[in-house]
Amino acid sequence: MRASSRIGITMGDPAGIGPEVICKAIAAMPDDERAATLVIGDRVFMERASRLVGADIVFVPAEGPAPAGSVRLVEVEAPNRDAILPGRLSPDAGEAGCRCVRKAVEMAQAGEIDVIVTASLNKAALRAAGYPQNGHAGLLAHFTGAKRSYAVLACPQFSVIHVSTHVALARAAESCRVERILETIRAGHAHMQSAGFVRPRIAVAGLNPHCGENGLYGTEDDDYVVPAITAARAEGMDVAGPVPGDVVFNQAVDGKYDLVVAQFHDQGHIPAKLIGRHETVNVTAGLPVLRTSVDHGTAFDIAWKGVADPRNMQAAIAMARKMRPV
């Protein structure tokens, strides 16, 4: 892969803050980074956002010449464009965002871009548009044909991958099984290698308080987590654990581990978002394409007011530029 990856940024839900934060992030790029960047979205919304934030970006067709400082745009027209209103949930906006993701996957699979960077989608708008998938991860798995994908949150201090994410806590406990944990460790290991870690140091968090305290608080850690770790070590991975959830993230911040395997959504999301804040980037592991994303929503309450903070989009772009296939 090139030293500076070719990235394709998807517009996200056009009723949300995606177009704004993309334009603000592009406005701060030097010309060489703009040359390795293209936007996948509706020209009307992107040019409107550029004017709103005072970026004065010149969008040019992706297939033609690109003068210095301009940005290539792959046109994906939004349906019923005039019916999409700022900060308003609509199936047309959900459909527009999905079309951008589908096009980005096609381009990545064709080798036209190296990494997909996604602006936020709204899950309710996706459902209203007829997509049953639960957000970007489900859409990307569907469009690529991947059997399973994994949510990774990457912040400067550490990364965290999740055995389960958007399920009820009771179902998350049911997901704590040897093969699923082992698959998550494998996916996390591969992701960290794509991010430049030759031999990532991985810690697996326990499910129960104090990893079950020898069965006092449950036996899942002994029955499922330990065998998964043993199997991962047998495959040559540097894996420690299980480590109690109230200890492992402090150890990661102190530099002991590069990646933490969390057993459920909040176990991993809370520390990553608290510690990394605006620099925490969402990455989807386990896909045949590389993808980073902002770690925030569509923010309908402030959309199209010109006040959206672009720092998380900038962090997602910076992460994308470092990634390479393994």
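Two strands are said to pair if DSSP finds at least two bridges between them, and strands (E, at least two residues) as well as helices (H or I, at least four residues) are DSSP runs numbered from the N terminus. The structure is a predicted model, in which local features need pLDDT of at least 70 and side-chain atom pairs count only at pLDDT 80 or more, whereas totals for chains, interfaces and linings use all residues. Residues are numbered from 1 along each chain as its sequence is written, and side-chain values use heavy atoms, with hydrogens and water left out.

**View 1. Strand β4 and its partners β2 and β3.**
In β4, V39 has L73 as its bridge partner, and this belongs to the pairing of strand β2 (residues 37-41) with β4, which run parallel and are joined by four bridges. Strand β4 (residues 71-75) is also joined to β3 by three bridges, again in parallel. Here P61 stands opposite L73, while F59 has V71 as its bridge partner in β4.

**View 2. The open sheet of twelve strands.**
The strands follow the order β3-β4-β2-β1-β5-β12-β11-β6-β7-β10-β8-β9, with mixed pairing. Because β3 (59-61) and β9 (238-243) stand at the edges with a single partner strand each, one side of each is left without a neighbour in the sheet. Neighbouring strands are turned by 30 degrees against each other on average, direction ignored, where axes are lines fitted to C-alpha atoms (for helices over the stretch in contact) and angles run from 0 to 180 degrees between N-to-C directions.

Helix α10 (residues 245-253) lies across β7 (159-162), β8 (201-205), β9 and β10 (259-262), and it runs at about 140 degrees to β9.

**View 3. The two domains.**
The domain assignment, which is automatic or from a database, gives domain 1 (7-149 + 287-322) and domain 2 (154-274). Their C-alpha centres lie 31 Å apart, and seven residues of domain 1 are in contact (heavy atoms within 4.5 Å) with six residues of domain 2.

**View 4. The largest pocket.**
On a 1 Å grid over the protein atoms alone, a pocket is an open set of points where a 1.4 Å probe fits, with protein on both sides within 12 Å along at least five of seven lines, and lining residues have an atom within 4 Å of a point. The largest pocket has a volume of about 790 Å³, a volume being the space filled by probe spheres set on the points. Of its 32 lining residues, N134, A137, A151, T165 and H166 are the closest to the centre. The lining draws at least three residues from each of domain 1 and domain 2.
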